[in-house]
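Have a look at the model first, and then let us walk through it by topic.

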Amino acid sequence: MPTGTTRIRLRPANNSRVPFWGQIAIGLFWLAYVLFGILSNTGATDYHFLHWVFLVFTFVYLGYVLVNNAPIFGTQSYLEFTPGYIVHKNGLFRPKQVFAAENIAALELKPAVLRVRQKDGEIYALNLREVKGKRRKMSFREQVREFAAKHSLPLQEVSPTAAA
């Protein structure tokens with residue numbers, strides 16, 4: 001039996017200057033350096049405890065990079081269509097954006113963006129370049145159409161072929 005909600009997974013917003021594998025490589029080099037400092041006897045001075053502090057920071061950094069970029073704890077970036085809301089979550093450490101159907105004035109569906117116009121005048125642009133794959137994009141467009149029809153919302157749609 002379907003649940004009545006549909007969640008579309010998004011790619012992590014790749015807005016970092018250093019790519020994911022570069023961040024992992026930096027963390028691994030940092031880890032190797034700290035382990036070499038711990039295992040060598042040359043740093044056995046009063047400041048030897050700093051190696052252990054940096055080791056903890058290394059694991060915290062690597063954990064942050066993995067959690068922020070990989071779906072370790074499930075899908076962290078998604079768009080979800082519930083019976084009365086559109087929910088946008090843009091990563092683990094970012095808050096959800098919830099758009100209630102009764103507060104939406106209009107929807108604008110363009111090839112790269114979904115604009116949600118609120119009745120209070122606010123406009124929210126949701127980046128659709130993060131939607132993975134052709135099937136998910138088609139499914140997403142269909143869900144937007146169904147949501148707009150179900151709640152009698154005006155939907156302005158620009159097809160991807162007309163924009164090219």
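Arg115 stands opposite Ala125 in strand E7, where strands are DSSP runs of E with at least two residues, numbered from the N terminus. This is a predicted model, in which local features need pLDDT of at least 70 and side-chain atom pairs count only at pLDDT 80 or more, while totals for chains, interfaces and linings use all residues. Residues are numbered from 1 along each chain as its sequence is written, and side-chain values use heavy atoms, with hydrogens and water left out.

**The sheet**

- E6 and E7 pair in the antiparallel sense over 5 bridges; two strands count as paired if DSSP finds at least two bridges between them.
- Their hairpin has 4 residues between the strands, and Gly121 takes a positive phi near 100° there.
- Strand E5 (residues 104-109) also runs antiparallel to strand E6 (residues 113-118), and 5 bridges join the two.
- Ala106 has Arg117 of E6 as its bridge partner.
- Taken together, the 4 strands form an open sheet in the order E7-E6-E5-E8, with mixed pairing.
- Strand E7 (123-127) and strand E8 (155-157) are at the edges with a single partner strand each, so one side of each has no neighbour in the sheet.
- From one strand to the next, the twist averages 15°.
- Helix H3 (residues 134-150) packs on this sheet and touches E5, E6 and E8, and its direction makes about 155° with that of E5; angles run from 0 to 180 degrees between N-to-C directions, with axes fitted to C-alpha atoms, for helices over the stretch in contact.

**The helix pair**

- Helix H1 (residues 20-39) and helix H2 (residues 49-69) pack at an angle of about 160°, with axes 9 Å apart; helices are DSSP runs of H or I with at least four residues.
- H1 and H2 are therefore roughly antiparallel to each other, a label for angles over 145 degrees.
- The contact (heavy atoms within 4.5 Å) includes Trp30, Leu31 and Val34 of H1 and Leu55, Thr58 and Leu62 of H2.
- By class, this contact has 18 nonpolar, 6 polar and no charged residues; Ala, Val, Leu, Ile, Met, Phe, Trp, Tyr, Cys and Pro count as nonpolar, Asp, Glu, Lys and Arg as charged, and the others, Gly among them, as polar.

**The annotation**

- The unreviewed UniProt entry gives "transmembrane region" for residues 20-43 and 49-67; such annotations may be inferred rather than shown by experiment.
- Over residues 49-67 the chain is 100% helix and 0% strand, with the end C-alpha atoms 27 Å apart.

How values were computed. Angles under 35 degrees count as roughly parallel, over 145 as roughly antiparallel, 65 to 115 as roughly perpendicular and the rest as oblique.
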